[in-house]
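Q: I have a model open and would like to talk it through before planning anything. Could you walk me through it?

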Amino acid sequence: MMKKIFKDIDDYKHIVITIDDINNIGYIASANALYTYLLQLHKKVSLYAKSDKLGLNIYFLPWINKLR
């Protein structure tokens with residue numbers, strides 16, 4: 001399963017990471033880590049949240065300003 005995921009990542013040029021629950025810090029932290037990893041692979045990456053209600057306590061995270 002993991003080999004397929006890494007192969008798929010290699011095949012894609014642009015990857016969108018979607019965060020379902022913007023209030024779940026675990027989701028945000030995981031998306032942030034994945035975003036960083038994909039940037040290191042020189043992929044075009046976008047962060048997308050289904051909700052626009054961000055808590056002020058998450059703005060310390062890197063890349064959070066890239067969230068759409």
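Q: How many salt bridges does a search of the whole structure find?
A: The search finds two salt bridges, a salt bridge being a side-chain nitrogen of Lys or Arg within 4 Å of a carboxyl oxygen of Asp or Glu. Please keep in mind that this is a predicted model, in which local features need pLDDT of at least 70 and side-chain atom pairs count only at pLDDT 80 or more, while totals for chains, interfaces and linings use all residues. Residues are numbered from 1 along each chain as its sequence is written, and side-chain values use heavy atoms, with hydrogens and water left out.

Q: Which side chains meet in them?
A: Lys4 meets Asp8 at 2.9 Å, N to O, and Asp11 meets Lys7 at 3.0 Å, N to O. Lys4 and Asp8 are four residues apart in helix 1, so about one helical turn separates them, and Asp11 and Lys7 likewise lie in helix 1, four residues apart. Helices (H or I, at least four residues) and strands (E, at least two) are DSSP runs numbered from the N terminus.

Q: Changing topic, what is the overall pattern along the sequence?
A: The protein reads α-β-α-β along its sequence, with two helices and two strands. Of its 68 residues, 28% count as buried.

Q: Which residues make up the largest nonpolar core?
A: That core has twelve residues, including Ile9, Ile17, Ala31, Tyr35, Leu38, Val45 and Leu47; a nonpolar core is a set of buried Ala, Val, Leu, Ile, Met, Phe, Trp, Tyr and Cys residues joined through side-chain atoms within 4.5 Å. Strand 1 (14-19), helix 2 and strand 2 (44-49) each give two or more residues to this core, and helix 2 gives the most, with four.

Q: What does Ile17 touch?
A: Leaving aside residues up to four places away in sequence, Ile17 touches Ala31, Leu34, Tyr35, Leu38, Val45, Ser46, Leu47 and Tyr48, where contact means heavy atoms within 4.5 Å.

Q: And which residues form the nonpolar patch on the surface?
A: Met1, Met2, Ile5, Phe6, Leu34, Tyr37 and Leu41 form it, with about 680 Å² of accessible area together. Helix 1 (2-11) and helix 2 (25-40) each give two or more residues to the patch, and the largest share, three residues, comes from helix 1. Patches are made of residues with over 30% relative accessible area and no salt bridge, with like charges joined within 9 Å and nonpolar side chains (Val, Leu, Ile, Met, Phe, Trp, Tyr) within 5 Å, and accessible areas come from the Shrake-Rupley method with a 1.4 Å probe, where for residues only the protein chains shown count as cover.

Q: How many aromatic pairs does the structure hold?
A: The structure holds one aromatic pair. The ring centres of Phe6 and Tyr37 are 6.4 Å apart and their planes stand at 70°, so the pair is edge-to-face; rings of Phe, Tyr and Trp (its six-membered ring) pair if their centres lie within 6.5 Å, and planes under 30 degrees apart count as stacked, over 60 as edge-to-face and the rest as tilted. Because Phe6 lies in helix 1 and Tyr37 in helix 2, the pair ties together parts that are 31 residues apart in sequence.

Conventions:
Buried means under 20% relative accessible area, exposed over 50%, partly exposed in between (1.4 Å probe, protein chains only).
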